[in-house]
Amino acid sequence: MICLKCFHDKTRIVNSRQNKKYPATWRRHACTRCGHSFTTYEKPVIHLPVLSKENNINNFSIGKLIISIARSFNHDKKAADFYSYDLANTVQDKLLFLQNKHTISAQDIAKITHSTLQSFDQIAALQYAAQHNLITSQRKRRGRPSFYYPENDPGHSSQQ
Ligand SMILES: [Zn+2]
């Protein structure tokens with residue numbers, strides 16, 4: 001890789017580490033001319049056809065996902081600005097494992113995004129669920145909404 005500072009055409013990899021959970025590698029590069037060092041992350045390119053509600057196939061778009069995550073942070077615009085991209089990347093990492101297994105639906109992505117948001121910000125998760133029709137019932141006494149996950153529904157025919 002060329003040097004970020006002096007554009008010399010050769011840098012050495014001085015350190016690298018594989019992520020234990022995801023197909024990603026962290027590398028530290030050092031320029032053989034000026035000595036400048038910098039970090040890169042290597043990840044597979046995601047190619048994931050997604051089945052929409054209207055039965056169209058579209059390629060997975062991280063841009064769309066970032067926007068829909070940002071929309072669930074209406075209560076905290078700063079968090080939307082700072083975390084939407086990283087949260088979308090976390091979801092994308094999870095989707096990498098599914099890309100060769102079966103046809104994935106927009107609803108599957110919504111479900112994975114929702115569970116990712118739940119471990120980060122409960123309010124954002126709730127807003128996201130409301131925007132993506134993941135809430136099916138609200139028990140008035142306890143006030144705890146339940147979430148609709150397609151695989152728990154015996155009437156749901158999964159796209160294999
Ligand atoms: Zn250099």
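The donor residues of the zinc ion follow the spacing C-x2-C-x24-C-x2-C along the sequence. In this predicted model, the protein donors are the SG atoms of Cys3, Cys6, Cys31 and Cys34, which lie 2.3 to 2.4 Å from the metal. The angles among the 4 donor atoms run from 105 to 115°, and the site is tetrahedral. For reference, the ideal angle for four tetrahedral donors is 109.5 degrees.

The position of these cysteines along the chain deserves attention. Cys3 belongs to the segment before β1 (11–18), while Cys34 sits in the loop between β2 (25–31) and β3 (37–42), so the pair ties together parts that are 31 residues apart in sequence. Cys34, by contrast, has a relative accessibility of 38% and counts as partly exposed. A disulfide is a covalent bond between the sulfur atoms of two cysteines. With a cut-off of 2.5 Å between cysteine sulfur atoms, the count of disulfides comes to 0.

The strands named above pair with one another. β1 and β2 run antiparallel and are joined by 7 bridges; together they form a hairpin with 6 residues between them. Within this pairing, Ser16 stands opposite Arg27 of β2. On the pairing of β2 with β3, the sense is again antiparallel, over 6 bridges, and Arg28 has Thr39 in β3 as its bridge partner. The hairpin of β2 and β3 has 5 residues between the strands, and in it Gly35 adopts a positive phi near 85°.

How covered is β2? The strand is mostly covered, with 5 of its 7 residues buried. Thr25 provides an example from this strand: its relative accessible area is 13%, and Thr25 is therefore buried, the limit being under 20%. Beyond the neighbours within four places in sequence, Thr25 is in contact with Ser16, Arg17 and Gln18, as well as with Thr40, Tyr41 and Glu42.

Strand β4, comprising residues 49–51, pairs with β5 in the antiparallel sense over 3 bridges.

A search of the whole structure finds 3 aromatic pairs. One of them, Phe73 with Phe120, is edge-to-face, at 6.2 Å centre to centre and with 75° between the planes. Phe73 lies in the loop between α1 (62–71) and α2 (77–96), and Phe120 in the loop between α3 (106–118) and α4 (122–131), so this pair ties together parts that are 47 residues apart in sequence. Phe73 is buried at 0% relative accessibility, whereas Phe120, with a relative accessible area of 39%, is partly exposed.

Phe120 also forms an edge-to-face pair with Tyr83, at 5.1 Å centre to centre and with 65° between the planes. This pair links distant parts of the chain, since Tyr83 is in helix α2 and Phe120 in the loop between α3 and α4, 37 residues apart. Tyr83 is partly exposed, with a relative accessible area of 40%. Taken together, Phe73, Tyr83 and Phe120 form one aromatic cluster.

Key. Residues are numbered from 1 along each chain as its sequence is written. This is a predicted model: local features need pLDDT of at least 70, side-chain atom pairs count only at pLDDT 80 or more; totals for chains, interfaces and linings use all residues. Side-chain values use heavy atoms; hydrogens and water are left out. Donors are N, O and S atoms within 2.8 Å of the metal (3.2 Å for Na, K and Ca); water is not among the atoms, so sites may look incomplete. Four donors count as tetrahedral if all angles lie between 85 and 135 degrees; four count as square planar and six as octahedral if opposite donors are over 155 degrees apart and all others between 65 and 115; anything else is irregular. Helices (H or I, at least four residues) and strands (E, at least two) are DSSP runs, numbered from the N terminus. Buried means under 20% relative accessible area, exposed over 50%, partly exposed in between (1.4 Å probe, protein chains only). Contact means heavy atoms within 4.5 Å. Two strands pair if DSSP finds at least two bridges between them. Rings of Phe, Tyr and Trp (its six-membered ring) pair if their centres lie within 6.5 Å; planes under 30 degrees apart count as stacked, over 60 as edge-to-face and the rest as tilted.
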